[in-house]
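Hi,

Here is the structure I promised to pass on. Have a look first, and my notes follow below.

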Amino acid sequence: MFQLYNPQRDKKVLKKIVIAMIVVAAFIIIKDEISWQIGSYDDYLPGEEEWDEDMEEYDCNVAGIELHGFLSTYIVSADDEVDQEMYADQAASEIINLTLEELDKDEEIKAIVLEIDSYGGSAVAGEEVADALKRVEKPVVAVIRDGGASAAYWAASGADIIFASANSDVGSIGITMSYLDYAKSNQKEGFTYNQLSTGRFKDTGDPDKILTLEEKELLMRDVKIMHENFIKDVADNRGLDTEAVRQMADGSSMLGQMAWEKGLIDKIGGLYEVKEYLKEKIGEEVEVCWYESPR
């Protein structure tokens, strides 16, 4: 599993990370008005009639979507205290993308705002959101608040234009799959690791065993490939020279002003400036309906 953000994890969560893609417990609702129960992902979007009623009630011409917290690909419910703490603030690419598809078909909606406050998550999820934003035919604005880093920046790069505060954290173009292993601790406690697997690399990354040099080289091969994919996507999405992006792609983030100078964002500003921009873009006053992940 590759991720662009590495939260603190206990042993149980660590095993899940190594074995499979981190999952997310988030879905999107109209702010303070509509809620949906956990079910298939289709259940997270209101029906066409309900959607139209809400748009009419709020007289919306711009839709706002939140990308907050850890970004992953799909939704699960947290099953213990550790999961609840880890997944307390998240977003799911499949829900964001489904919402984008619906909004793009809504004739009342003239533009879409993606509000980002996230320090990353799954590389695949970031790529999926970026690709979905590029498919939207209406104007799409990404606005970065405290942070739009790593997978969240990958997602933002697919927007037509990116706003950020001069003090926002932007970038962090890099890949990590670092983790703790408990092999030495287990040995001190008298535990023995019994390897029962077929395929030489099947249990690579198991935190209860020491990572061999050969295994590390295998994992680093894929980390480097994904890093190049990240660099190429940012360069393509932002219209930047690939080598220039590579020079910035050391995993560090930068503040908004420097990000603007480097071409990672287009304008310094927040939601007010976004509304002013869209007012000129769509030729009418802007009224935004916000979709958010419930807490």
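This is a predicted model: local features need pLDDT of at least 70, side-chain atom pairs count only at pLDDT 80 or more; totals for chains, interfaces and linings use all residues.

Which residue of β7 does I144 stand opposite? I144 stands opposite A164 in β7.

Residues are numbered from 1 along each chain as its sequence is written, and side-chain values use heavy atoms, with hydrogens and water left out.

**Overall**

The protein chain has eleven helices and eleven strands; helices (H or I, at least four residues) and strands (E, at least two) are DSSP runs, numbered from the N terminus. Of its 295 residues, 50% count as buried, where buried means under 20% relative accessible area, exposed over 50% and partly exposed in between (1.4 Å probe, protein chains only). If you take the contacts (heavy atoms within 4.5 Å) with a separation of 6 or more, 75% of them come from residues 24 or more positions apart.

**The strands**

Strands count as paired here if DSSP finds at least two bridges between them. β2 and strand β5 (residues 111–118) run parallel and are joined by seven bridges, with I65 opposite L114. Seven of the seven residues of β2 are buried, so the rest of the structure largely encloses this strand. In a regular strand the side chains alternate between the two faces of the sheet. In β2, V62, G64, E66 and H68 point one way, A63, I65 and L67 point the other way, and all are buried.

Moving on, β5 pairs with β6 in the parallel sense over six bridges, and E115 stands opposite V143 there. β5, helix α5 (residues 123–135) and β6 form a right-handed β-α-β unit; right-handed means that, with the strands pointing away from the viewer, the path from the first strand over the helix to the second runs clockwise. The crossover from β6 through α6 to β7 is a right-handed β-α-β as well.

β6 (residues 140–149) has eight of its ten residues buried, so it too is largely enclosed by the rest of the structure. Four bridges join β6 to strand β7 (residues 161–164), and the two run parallel. β6 also runs parallel to strand β8 (residues 169–171), with three bridges and G147 opposite D169.

**Two serines with positive phi**

Most residues other than glycine have a negative phi, and most peptide bonds are trans. S150 has a positive phi, near 60 degrees; this serine sits in the loop between β6 and α6 and counts as buried at 2% relative accessibility. S172 has a positive phi too, near 55 degrees. S172 lies in the loop between β8 and α7 and is buried at 16% relative accessibility.

**Disulfide**

A search of the whole structure finds one disulfide, a pair of cysteine sulfur atoms within 2.5 Å. The disulfide joins C60 to C289, with an S to S distance of 1.6 Å. The two cysteines are 229 residues apart and link distant parts of the chain: C60 is in the loop between α2 (48–58) and β2 (62–68), and C289 is in strand β11 (residues 288–292). C60 is buried at 4% relative accessibility, and C289 is buried at 4%.

**Aromatic pairs**

There are two aromatic pairs in the structure. Rings of Phe, Tyr and Trp (its six-membered ring) pair if their centres lie within 6.5 Å; planes under 30 degrees apart count as stacked, over 60 as edge-to-face and the rest as tilted. One of the pairs is W154 with F230, stacked at 4.4 Å centre to centre and 10 degrees between the planes. W154 is in helix α6 (residues 151–156) and F230 in helix α8 (residues 213–238), so the pair ties together parts 76 residues apart in sequence. W154 is buried at 2% relative accessibility, and F230 is buried at 0%.

**K209**

K209 is in the loop between α7 (183–188) and α8, and is buried with a relative accessible area of 11%. Not counting residues up to four places away in sequence, K209 touches D181, A183, Y193, D203 and E215. The side chains of K209 and E215 make a polar contact of 2.9 Å (a pair of N or O atoms within 3.5 Å; within protein, one must be able to donate a hydrogen and the other to accept it, and residues adjacent in sequence count only if both atoms are side-chain atoms).

Cheers
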